[in-house]
Amino acid sequence: MWKKLLIVLMMAIALFASNPSSAFAVDSSAQEIFTANCAGCHAKGGNILRRGKTLKTKALKRYHRDSAEAIISLVTNGKGSMGAYGDRLTASEIELVANYVLEQAEQNWK
């Protein structure tokens, strides 16, 4: 798993270095992926199925999902009522979503 993450990170660094304006495109892609795949249950960081298991900072910390690695694992493999997306999204898309969730949680999903 770490090897895959390192490869994705290196690819992102190479992409940004070759085209610094692409950073906005990555952020936009993350939001689009989240909207298309996650917002149905997690609009604005909430959770329509399990009220307490939101994507807000307090809940992420409570359930030990406050790191990119933990979110990547959950999105990839699923758990309980959270379905697995490892067969629907690429590793890079899942990483983008994980970082997007953490960034939005820090901003209180504004």
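I take a pocket as an open set of points on a 1 Å grid over the protein atoms alone, where a 1.4 Å probe fits, with protein on both sides within 12 Å along at least five of seven lines. Points join across faces, edges and corners, and the volume is the space filled by probe spheres set on them.

**Ground rules.** I am working on a predicted model: local features need pLDDT of at least 70, side-chain atom pairs pLDDT 80 or more, while totals for chains, interfaces and linings use all residues. I number residues from 1 along each chain as its sequence is written, and side-chain values use heavy atoms, without hydrogens and water.

**Largest pocket.** I read about 610 Å³ for the largest pocket. Its lining (residues with an atom within 4 Å of a point) has 27 residues, and His-42, Asn-47, Lys-53, Leu-74 and Met-82 lie nearest the centre. I sorted the lining into 15 nonpolar, 8 polar and 4 charged residues. Helix 3 (39–42) is among the helices that each supply at least two lining residues. It gives the largest share, 4 residues. Helices here are DSSP runs (H or I, at least four residues), numbered from the N terminus.

**Lys-56.** I found Lys-56 in the loop between helix 3 and helix 4. Its relative accessibility is 32%, so I log Lys-56 as partly exposed (between buried, under 20%, and exposed, over 50%; 1.4 Å probe, protein chains only). Beyond neighbours within four places in sequence, Lys-56 contacts (heavy atoms within 4.5 Å) Lys-44, Gly-45, Ala-105, Asn-108 and Trp-109. Lys-56 and Ala-105 are 49 residues apart along the chain, yet their C-alpha atoms are separated by 5.0 Å.

**Helix 5.** I list Ala-68, Ala-70, Ile-71, Ile-72 and Val-75 as buried in helix 5. Just after helix 5, Gly-78 has a positive phi of about 70°.

Methods:
Ala, Val, Leu, Ile, Met, Phe, Trp, Tyr, Cys and Pro count as nonpolar, Asp, Glu, Lys and Arg as charged, and the others, Gly among them, as polar.
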